[in-house]
Amino acid sequence: MNETISYTEAFKELQSLVNDIESGEISVDQLSEKVKRAAQLIKICKDLLTSTETDVNQILKEIEEE
Amino acid sequence: MKIFSLLEITKGLQRTLAEQYPQSVWIRAEMNKLNFYPQSGHCYPELLEKQEGKIVAQMKANLWNDDYQRINTSFLAILHEPLKNGINILFQAKVTFDPVYGLSLRILDIDPSYSLGNLEQERQKSIEKLKKMGIFEQNKNLEFPLLPKRIAVISVETSKGYADFQQVINQNPWKYRFCYHLFPSILQGEKLASSLIQQLKRIEQVKHHFDVVAIIRGGGGDIGLSGYNQFEIAEQIARFPLPVITGIGHATNETVVELVAFKNCITPTDLAGFLIQQFHNVAVPLQETWQKLAKVVDDRLSEEHQKQSEISSELKKNTLEQIARALQSLTFQVHQVKGYTRFLIRKHRELISSQFVLTKKKTRGFISTQWANIQIIENNIHLLDPKRILARGFSITLHNGQPLRSQSAVRRGDSLKTITFDGTIQSTVTNLQSDPTP
């Protein structure tokens, strides 16, 4: 999974996927794909959040140490 | 008629004279001419007597060399005059008559004191006459020029007196410049009066070129000064329009010329000194004034220097004070700025610090919000997963390949496909019934 996508893009896509699924206007064939994609995007978002959180914590720690 | 031989007559005259004047006699007469013969050394004086200007007696005399020398010496000693023409004399003489040589008046002696008294009488007469005429003081009363620069000199070119005068004037160490012109004149003897008066007249014609007249006679000692008692010369000098200064020698009594002259300096050297003194009289005060002026200027300058140095030290002091004050104020400002800067920095540090805390909080909050959002979506997706729905006992019916939502789209006999959790069911529609509870 080497896809480069920003958190904002990933989140937007995720939201629209959820909407599509909730509206029920997706064929069953598509459904599995969409869910699979959603799971993928959630993973991306979680990773990004984790790394962001680590970075932010590191930066804050550095500032405090100054 | 008795006839005499010449010898008888001359013998008679000789006898008569010898009887009448057996010894020498004293005679008073005017010696008109001395008639000195340098070669023999004898004199043949011309004697006469006048009454009211007319000659009433006249006779020639003999003065032999030896007698002449003796008499002349005694004259020079007493009168300061030699035996000369035109003086009154009292003389001792022997009157003789020689049949061959004729009448002879041999002068044996001449009394100098008689001539002296006579000369003095003449001198007094001249003075009285000049005073009576009111001109005795006339030359003395002239205004003397401030600087007697231009001098008409009456002198003898080769005389010692003129040389002395020139030396003093030309070599004066103060370098006063005089301009003098010689009017040569005979200054003693017979021609004194005529020559001197002639030169005075010449000078008078060009008097505007001259400041003073100087009569300079020298080298003759005090002999022959009586000529300067002559009224004619004295009158000319008294009336002369320029001041006349005399340097004609040492007389026992000042001569009339010296008395009427503006100034009698006696010797030519003194005369030159007098002229130089006139320059001194101007130059010395001038020099003193100059020195005074220089001193005043110096004083003034040093006063100004003093003032200026006072001003500049004052200025320096003020400036230093100003600088000190400015420095103080600057130090104070620096202090202020430092303090204020520290204050600002501290304040901003606090601000940043609080901002940092806020940022930290917000960031963390934001991140946790994101986490929550993702969690919600994840849950939703989880719930929406069809496999889970099928697993819970729901199924999907497809009609013509499309999920079937409404009973009304289906006709009897239509073929339907049902998807369950673990497989599919193929069926045909046999009965249709609408839901009573929509």
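Okay, quick definition to start: two residues are in contact if their C-beta atoms, placed from the backbone, lie within 7 Å. One caution: this is a predicted model, where local features need pLDDT of at least 70 and side-chain atom pairs count only at pLDDT 80 or more, while totals for chains, interfaces and linings use all residues. Residues are numbered from 1 along each chain as its sequence is written, and chains are lettered from A and ligands numbered from 1 in the order in which they are written.

So, chain B. In helix α5(B), Ala193(B), Leu196(B), Ile197(B) and Leu200(B) meet Glu232(B), Ile233(B) and Gln236(B) of α6(B). Helices here are DSSP runs of H or I, at least four residues, and strands are runs of E, at least two, numbered from the N terminus. That helix contact splits into five nonpolar residues, one polar and one charged. By that I mean Ala, Val, Leu, Ile, Met, Phe, Trp, Tyr, Cys and Pro are nonpolar, Asp, Glu, Lys and Arg are charged, and the others, Gly among them, are polar.

Next, the sheet. Chain B has an open one of five strands, ordered β7-β6-β8-β9-β10 with parallel pairing; strands pair if DSSP finds at least two bridges between them. β7 and β10 of chain B sit at the edges with a single partner strand each, so one side of each has no neighbour in the sheet. Further in, β8(B) and β9(B) pair over four bridges, and Ile216(B) has Gly247(B) as its bridge partner.
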